Amino acid sequence: MVGIKSYGAYIPRYRMNHNTLFMAVAFLGSFPAPGENAVANHDEDTLTMAAAAGIDCLSDAKREMVDGLYLATTSQPYLVRQNSAVVATALDLQSNIRTADFIGSTKSGTTALLSALDNAKGETSSNILVCASDCRLSKPGSPQEALYGDGAAALLVGSDDLIATFEGAYSVSYDFPDRWRASGEKFEHAWEDRFIRDSGYGQFIAEVISGLLKKYNLNIKDFAKIVYPGLYAREHGAIAKRLGAEPGQLQDTLLTTVGDTGSASPLMMLVAALEDAKPGDKILVASFGDGGDAMSFQVTEKIKSAAGRRAVKQHIASKKDLASYEKYLAFRNLAPMDLGMRGEISIKTPMSALFRERKVILSLRGSRCKKCGTPQYPYQRVCVNPDCGAIDQMEDYRFSDKRGVIFTYTGDNLAASIDPPSVYGVVDFEGGGRFWFDLTDCDLDSVKVGMPVEMTFRKRYVDESSGVHGYSWKAAPIRA
Amino acid sequence: MAEGIRDKVAIIGMGCTKFGELWDKSAEDLMVDSFKECMEDAGIEKKDIGAAWFGVHFEEQSVGKGATPLSLTLKLPFIPVTRTENFCATGTEAFRGACYGVASGAYDIALALGVEKLKDTGYGGLPGGPSLMGTKNALIMPKLTAPGAFAMMATRYFSVYGLNPEEGKSMLAKVSVKSHYNGARNPKAHLRREVTEEQIMKAPIIAWPLGLFDCCGVSDGSAAAIVTRADMAKKFRPDPIHVKALQIALSSGEELMYTKWDGAHVETTSRGGKSAYEEAGVKNPRDEISMAEVHDCFSITEAVTMEDLQFSPRGKVKEDIEAGRFNIDGPQPVQPDGGLKCFGHPIGASGLRMLYEMYKQLQGKAQSPERQIKNPKLGLTHNLGGFPPMNIVSIAIIGL
């Protein structure tokens, strides 16, 4: 038997109220819509959110038991350089694992999950972490801008300690040109909404769910929750009605709280369903995008062991309004902003050094002295404890999963930043170790000496001259 | 126990340019200016110089690498010239090299010259941050600036000693009021305007809690010294100034990476100070050091330096600041020339500029009577390069 061992999710802290958006772009003829979208901070992207969802999912699991990482997205920063390998390094997974990117369609999240489940069935019985994450750039004023939200989900798949067993799947594939983005293009194109709704969304979801029910001789009414993305609110309900499902069976689409998170959407909804699930519940999941995948799961007694994740609910509750549309444009680099001459200093990433120091830079690994037990970041060969000083007595030590407290901090208005002041400080880690880090997802006024923080994987810079997206770890207030 | 440098070397000439945003002066112009004053003061000729040490930090901004910028500019006749670079201790390192050169007997007369041309960057403040700290740090450190790095020490000081932001900022403001008072009276200073505590408190924040007037200026400048063996000094002038101590102390990494440092003091200054006092035979620095030029890159730096150098008891500098102890007419004047606050901080020149002020004060030759400190015996200079948790400190003590 195979299935889901653990779940996690990530939703960025910022929300953009649709009213804020409407006020900014109404002159283009946009229509107001209720709700808000989750928007990634300026230092977040698909990979950082995937890593954050992965951390939530792996919270109490040993990283060494993960045999692979599949990343599903339509907004990967790299076309060449495997995005899943970056996330796997951030998560400090072993190197003897399988990584793969599932890209190009919003159904890639469910496809990655299906592939992972198939792997788990195999002789190697591998535990695969599936991360689905999307941070899609939409053209200012476009309908997608109001529809798309940023978020990520993660599911750990395997063959033991399952919180939900995998019961079956059915897929359909169509070359459906509702949305497309060619290589080298920044924004998606979309055909007329009515076409997408009537010829695609309304058809494929019903087809793939009906196919699943028929293949396994299931009754729609047996499912406690039915999960499929809600691109069109009215049609979302109409599909259920046509399938013979009751409105109460439908999982909330997150459309007015998070937005349409693309490849992450069905998996985020599945995570939300698992958060409320009881042992014995059957859950049906379907995706939409160039056809779709449908899967059925049954929740086990072990579901209780998965409590304590931030998952979807806590992340939705923990938010801050991004009050200005202009700031959103600046965060997405959609409007060139003056950072002063300091901001013109470019960083050239030495890739050989990045690879050599990947554990320090991307995995936030340091060392711990075997002689005196002092953790230290970054990795040292000579122990920093003045009473020890042992040479080459170190073992690897992971800091990314350690909390800390703010030893000291500042808010710097001189440093070039798209979101001044730059807040940074020195962090004392629980269990020992001290280093300085940028602080993110916080306001200067809320930072205090002694404030607890956790570490978060973030985008450090984008060097457009050499096409490098640089990442590093920052500290952030504990996300309640 | 090593003998140390005390009374082995004397300064027989010094020069210092006006500091400022010298748009029409190149680094080479500044070198010639400080050299000219220095040579006239020493009364020697170029052929008398046995070797030279040349301090410059941001060589990319101005003169280029190596020591040839000095030899080529001054047309030094094929003598040894060494470039020193050690962050803000760069100028003092050049001086230390020259002193050790003559103390060893290798040379009779040596030149130390520091220069920095900072105002060709196009922006305020210093260039750099993480990129100055090597490949790995550039990819993991916060993208900090100098004001931010030192602001974190102010945050920490306020926290450790229970000062609310108002109390803390008021203490720091008084540091800058004093330095501006002194700078206003010094024709060589860059910023020559008195400011009030109220102006300082209301100034825009650069890096919380530090405001504009908590930060030193950024300027161009050069300073130079001619040193010789103490036993030869009187041949050149009746009032040579003797070197009593030269110390450098560098962070071991424990401040930043171990968890014992309190963040409200600078360990290198504290340790370097002890070594310097031992070398100079100073038992009670609060009483014996007549005056000092310390590294007031930021007001908080000067405040904690007073404690680290034992001018004030730990945690008590506020009382001394409020009592006017460090004012020009106080019992232990600090930054009598206006400090980095009013001179700005052309990195390679600052250490020698501080020595210039101490040297002139010790000779009774401050430009005007209102600037002259009465009968000083020992003057101390101090530089802090880098950031509070990882830095280089240089301390020099000179006297009659």
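Which strands of chain B does helix H3 lie across? In this predicted model, helix H3 of chain B (residues 90-103) lies across strands E1 (9-16), E2, E3, E4, E7 (221-229), E8 (241-250), E10 (378-387) and E11 (390-399) of chain B. Its direction is at about 170 degrees to that of E4(B). An angle over 145 degrees counts as roughly antiparallel, so H3(B) and E4(B), at about 170 degrees, fall in that class.

The strands just named belong to a sheet in chain B. This sheet is open and has nine strands, arranged in the order E3-E2-E4-E7-E1-E8-E11-E10-E9, and its pairing is mixed. At the edges stand E3(B), residues 81-84, and E9(B), residues 291-293. Each of these two has a single partner strand, so one side of each is left without a neighbour in the sheet. From one strand to the next, the twist averages 25 degrees. Within the sheet, E2(B), residues 51-55, and E4(B), residues 109-116, run parallel and are joined by five bridges. Ala52(B) is placed opposite Leu111(B) of E4(B).

Helix packing in chain B was examined for H5(B) and H6(B). The axis of H5(B) comes within 10 Å of the axis of H6(B), residues 165-184, and the two cross at roughly 120 degrees. The range for roughly perpendicular ends at 115 degrees and that for roughly antiparallel lies over 145, and the two helices are therefore oblique to each other. The crossing of H5(B) with H6(B) is right-handed. On the H5(B) side, the residues that meet H6(B) are Ala154(B), Tyr157(B) and Phe158(B). Their counterparts in H6(B) are Pro165(B), Gly168(B) and Leu172(B). By class, this contact of H5(B) with H6(B) comprises five nonpolar residues, one polar residue and no charged residues.

H5(B) also takes part in the contact between the two chains. In that contact, 33 residues of chain B touch 42 residues of chain A. Four elements of chain B each give two or more residues to its side: H4 (134-140), H5 (146-160), E5 (205-207) and H9 (254-257). The largest share of this side, seven residues, comes from H5(B). The side of chain B that touches chain A has 18 nonpolar, 11 polar and four charged residues.

The axes of H6(A), residues 193-215, and H7(A), residues 233-243, come within 10 Å and cross at roughly 40 degrees. Only angles under 35 degrees count as roughly parallel, and the angle found here makes H6(A) oblique to H7(A). The crossing of this pair is right-handed. H6(A) contributes Arg197(A), Tyr201(A), Gly202(A), Ile205(A), Ala206(A), Ile209(A) and Ser210(A) to the contact, while H7(A) contributes Glu235(A), Ile239(A), Arg242(A) and Leu243(A). Six of the residues in the contact of H6(A) with H7(A) are nonpolar, two are polar and three are charged.

Beyond its neighbours within four places in sequence, Pro12(A) is in contact with Ala38(A), Val39(A), Ala40(A), Asn41(A), Glu44(A), Met49(A) and Asp150(A). Thr257(A) is 245 residues away from Pro12(A) along the chain, and the C-alpha atoms of the two are separated by 12 Å.

Technical notes: Residues numbered from 1 in each chain as written. Chains lettered and ligands numbered in written order. Predicted model: local features only at pLDDT ≥ 70, side-chain atom pairs only at ≥ 80, totals over all residues. Contact = placed C-beta atoms within 7 Å. Nonpolar A, V, L, I, M, F, W, Y, C, P; charged D, E, K, R; others polar. Axes fitted to C-alpha atoms, helices over the stretch in contact; angles between N-to-C directions. Parallel < 35°, antiparallel > 145°, perpendicular 65-115°, else oblique. Left-handed = near helix turned anticlockwise from the far one by under 90°. Pairing = 2+ DSSP bridges.
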